[in-house]
Amino acid sequence: MKRRTWFTIIAIAIIIGVYVYEYVLVEAEQAEIVLEGKEAKANTNAFFLPTSTTNQIIHHNGYSLSYSEPHEQAEWVAYELKKSHLSNTNHKRPYFEIDKAVKTGAASWRNYKNSGYDRGHLCPAADRRYTKAAHDETFLTSNISPQDHQFNAGIWNTLEQKVRYWARKYNGVFVVTGGVLSGRMKTIGSEGVSVPNYFYKVLIDSNSGKTKMIAFLMPHKDSSKPLYEFVVSVDEVEALTGIDFFPELADELENKLEASRSYKDWSF
DNA sequence: CTGTTCAAC
DNA sequence: GTTGAACAG
């Protein structure tokens, strides 16, 4: 054979080799994500997970989420905030990363760049400070929603601090949170990330005596009102979002707790 | 705590 | 790209 023919054969072999190598890498990565998901699921209190209206639930080690592809964000993020999770350790704030576990492709952080909106955490970084890994895991684009800075640093931040206060006081709480992804919404970035008009937070405590719930629904703007002014029933959040929050709970208890908008069992 | 921006390496 | 400091509520 001519030397040129050999060059051609070797060149083709190299190209094929690279493709096969990359294919194997991607497969291995996917397998790893699935495995991580399974391990993570074992860590989460699956009993309290809501239903997914989007059919795409993802389990990370520190939280689970249901991703809405049309809105390029999670419809809910859920996690258990144990008393033992509360930590004062400081970790350096990392860059946000695209969540590779989202099969339909999670939003890029670039959508938020110069959008005028914060990359607002759903599972707050401050709730996962017990390890660096747990902290950094909250910096995935599947865990953020566009939030007005005054809102995020204001009333929403106040609510997040109250959740930590309750986790301390009641020996842990289970948290479900997200933006209300319905109605007319503004979008940001080339991928069209929806800007929710409301954010909600639903809590359940089954660690300190009788099971209790509380839900908050907040317009996406800062407020100086007291937190309890934003308390609604879980049923109201369900009606707005289409999410069924605690389907595994015994129906009688679920119906009773979710219909109530009383906050007498929660100390402010 | 919640974040963003900008300069230097 | 990474890192660190300054800034704002």
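Colleague: Which residue has a side chain that makes a polar contact of 3.2 Å with the side chain of Thr104?
Modeller: This is a predicted model, in which local features need pLDDT of at least 70, side-chain atom pairs count only at pLDDT 80 or more, and totals for chains, interfaces and linings use all residues, while side-chain values use heavy atoms, with hydrogens and water left out. Residues are numbered from 1 along each chain as its sequence is written, and chains are lettered from A and ligands numbered from 1 in the order in which they are written. A polar contact is a pair of N or O atoms within 3.5 Å, where within protein one must be able to donate a hydrogen and the other to accept it, and residues adjacent in sequence count only if both atoms are side-chain atoms. The side chain at 3.2 Å from that of Thr104 belongs to Gln56.

Colleague: At what distance does a polar contact join the side chains of Thr104 and Glu69?
Modeller: Not counting residues up to four places away in sequence, Thr104 touches Gln56, Tyr67 and Glu69, where a contact means heavy atoms within 4.5 Å. For Glu69, a polar contact also joins its side chain to that of Thr104, at 2.5 Å.

Colleague: Is Thr104 buried, partly exposed or exposed?
Modeller: Thr104 sits in the loop between strand S3 (73–81) and strand S4 (118–121), helices (H or I, at least four residues) and strands (E, at least two) being DSSP runs numbered from the N terminus. Buried means under 20% relative accessible area, exposed over 50% and partly exposed in between, with a 1.4 Å probe and protein chains only. Because its relative accessibility is 45%, Thr104 counts as partly exposed.

Colleague: What span does helix H4 reach from its first C-alpha to its last?
Modeller: Helix H4 covers residues 155–169, which is 15 residues, and the expected span of a helix is 1.5 Å times one less than its number of residues. For H4 the expected span is 21 Å, and the reach in the model is close to that, at 21 Å.

Colleague: Which residue with a positive phi follows H4?
Modeller: Within the helix, Ile155, Trp156, Leu159, Glu160, Lys162, Val163, Arg164, Trp166 and Ala167 are buried. An α-helix has 3.6 residues a turn, so residues three or four places apart point the same way. After H4 comes a residue whose phi is near 60°, namely Asn171.

Colleague: Why is the pair of Tyr263 and Phe268 classed as it is?
Modeller: Trp166 counts as buried because its relative accessibility is 0%, and Phe216 is buried with a relative accessible area of 1%. The ring centres of Tyr263 and Phe268 lie 5.5 Å apart and their planes stand at 75°, so this pair is edge-to-face. Tyr263 is partly exposed, with a relative accessible area of 32%, and Phe268 also counts as partly exposed, at 33%. The class of the pair therefore follows from an angle between the planes of 75°.

Colleague: Which element gives the most residues to the surface near DNA strand B?
Modeller: A residue is near a strand if one of its heavy atoms lies within 4 Å of it, and of the 16 residues around DNA strand B, Arg93, Arg119, His121, Arg129 and Asn152 come nearest. The elements giving two or more residues are S4, helix H3 (149–152) and H4. With 4 residues, the element that gives the most is S4.

Colleague: Which residue has a side-chain N or O atom 2.9 Å from a phosphate oxygen of DNA strand C?
Modeller: DNA strand C is surrounded by Lys92, Tyr95, His149, Gln150 and Ala153. Sugar and phosphate make up 43% of the atoms of DNA strand C within 4 Å of the protein, while for DNA strand B the share is 90%. The side chain at 2.9 Å from a phosphate oxygen of DNA strand C is that of Lys92.

Terms used. Phe/Tyr/Trp six-rings, centres within 6.5 Å; stacked < 30°, edge-to-face > 60°.
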